[in-house]
Amino acid sequence: MGIPRAESLRRAEEAADFDGTRIVGGSAANAGAHPHLAGLVIALTNGRTSICGASLLTNTRSVTAAHCWRTRRAQARQFTLALGTANIFSGGTRVTTSNVQMHGSYNMDTLHNDVAIINHNHVGFTNNIQRINLASGSNNFAGTWAWAAGFGRTSDAASGANNQQKRQVSLQVITNAVCARTFGNNVIIASTLCVDGSNGRSTCSGDSGGPLTIGSGGSRQLIGITSFGSAQGCQRGHPAGFARVTSFNSWIRA
């Protein structure tokens with residue numbers, strides 16, 4: 001038991017970097033698609049820059065992954081949110097903030113409770129910028145097809161570039177029992193949600209903190225916050241992990 005569990009922890013730790021998770025096997029998305037999606041351009045305390053994603057909840061609050069703000073190896077200094085744009089580094093509405101509240105029980109090693117609230121200046125809603133509803137209740141969504149979106153890398157071989165485009169991919173939610181076969185029961189807990197990563201379709205580096213959603217228009221719901229993938233790569237067919245929004249609904253709204 002010890003070796004597989006240690007291996008699953010190592011995978012989680014290696015996945016918890018500021019290159020988070022990226023869209024592979026998906027398609028390009030225009031500026032108006034996923035209007036709740038915010039790209040995060042992250043200024044790190046070591047002077048480097050990275051990217052993540054977030055979801056707009058109100059005019060002044062967004063939600064992302066806690067590991068986009070802090071990991072064992074790095075600390076963010078500032079987020080710039082890019083909204084209503086197909087390119088994370090240009091266009092759209094942009095707001096800057098350092099007001100980030102990580103979940104009090106966020107675990108940097110297992111990525112449990114990998115959720116953070118971003119407080120920012122008022123952002124006006126437009127056709128390309130809209131809030132998203134939080135999923136609630138007891139539905140585990142297993143078998144449901146959902147959309148992931150982000151500005152991350154598009155393959156294991158790709159590197160981050162200055163033209164990071166918004167992309168989307170449809171992914172099927174799987175049970176936590178199936179997901180635990182890959183990552184182990186120490187990583188996969190009740191507040192984790194996983195999707196199938198077969199056929200080269202998944203989230204990948206740079207998508208962390210971004211949305212996993214169901215529905216459309218005003219009835220669209222956020223069911224997951226992109227958290228981790230396999231250290232073996234995004235295109236190997238392994239599941240990808242998310243913070244399960246129904247488990248954090250009350251904390252996010254507080």
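Reader: Which domains give at least three residues each to the lining of the largest cavity?

Author: Domain 1 (27-31 + 132-246) and domain 2 (37-119) each supply at least three lining residues. Keep in mind that this is a predicted model.

Reader: OK, and how many cavities of 30 Å³ or more does a search of the whole structure find?

Author: One cavity of 30 Å³ or more turns up.

Reader: Which residues lie nearest the centre of the largest cavity?

Author: Of the 14 residues in the lining, Leu111, Asn113, Ser191, Thr192 and Phe242 are nearest the centre. As for elements, β14 (221-228) and β15 (240-244) are the ones that give two or more residues to that lining.

Reader: Is leucine 111 buried or exposed, and what's the relative accessibility?

Author: Leucine 111 counts as buried because its relative accessibility is 4%, and the cut-off for buried is under 20%.

Reader: What does threonine 192 stand opposite in β15?

Author: Alanine 243 is the residue opposite threonine 192. β12 and β15 run antiparallel and are joined by four bridges.

Reader: And how many bridges join β11 to β12?

Author: Two bridges join β11 to β12, and that pair runs antiparallel. Valine 173 sits opposite valine 195 of β12.

Reader: So what about β10, how many bridges join it to β11?

Author: Strand β10 (residues 145-150) is joined to strand β11 (residues 167-174) by six bridges, with the strands antiparallel. In that pairing, tryptophan 145 faces glutamine 172 of β11.

Reader: Which residue of β13 is the bridge partner of tryptophan 147?

Author: Threonine 213 is the partner of tryptophan 147. β10 pairs with strand β13 (residues 211-214) over two bridges, again in the antiparallel sense.

Reader: Switching to asparagines. Where does asparagine 249 lie?

Author: Asparagine 249 is part of helix α3 (residues 245-253). At 8% relative accessibility, this asparagine counts as buried.

Reader: What is asparagine 249 in contact with, leaving aside its neighbours within four places in sequence?

Author: Asparagine 249 contacts Leu134, Ala135 and Ser136. The C-alpha atoms of asparagine 249 and leucine 134 are separated by 6.6 Å, although the two residues are 115 residues apart along the chain.

Reader: And asparagine 119, is that buried, exposed or partly exposed?

Author: Asparagine 119 is partly exposed, with a relative accessible area of 24%. It lies in strand β8 (residues 116-119).

Reader: Which residues does asparagine 119 touch, not counting those up to four places away in sequence?

Author: Asparagine 119 touches Thr60, Arg61, Thr97 and Asn99. Asparagine 119 and threonine 58 are 61 residues apart in sequence, and their C-alpha atoms are 9.7 Å apart in space.

Reader: Last bit, the big picture. How many helices and strands are there in the protein?

Author: The protein has three helices and 15 strands. Of its 254 residues, 56% are buried. Looking at contacts between residues at least 6 apart in sequence, 73% join residues at least 24 apart.

Key:
Residues numbered from 1 in each chain as written. Predicted model: local features only at pLDDT ≥ 70, side-chain atom pairs only at ≥ 80, totals over all residues. Heavy atoms only, no water. Pairing = 2+ DSSP bridges. Buried < 20%, exposed > 50% of the residue type's maximum accessible area, 1.4 Å probe, protein only. Contact = heavy atoms within 4.5 Å. 1 Å grid on protein atoms, 1.4 Å probe; cavity = no way out; pocket = protein on both sides within 12 Å on 5 of 7 lines; lining within 4 Å. Points joined across faces, edges and corners; volume = space filled by probe spheres on them. Domains from an automatic or database assignment.
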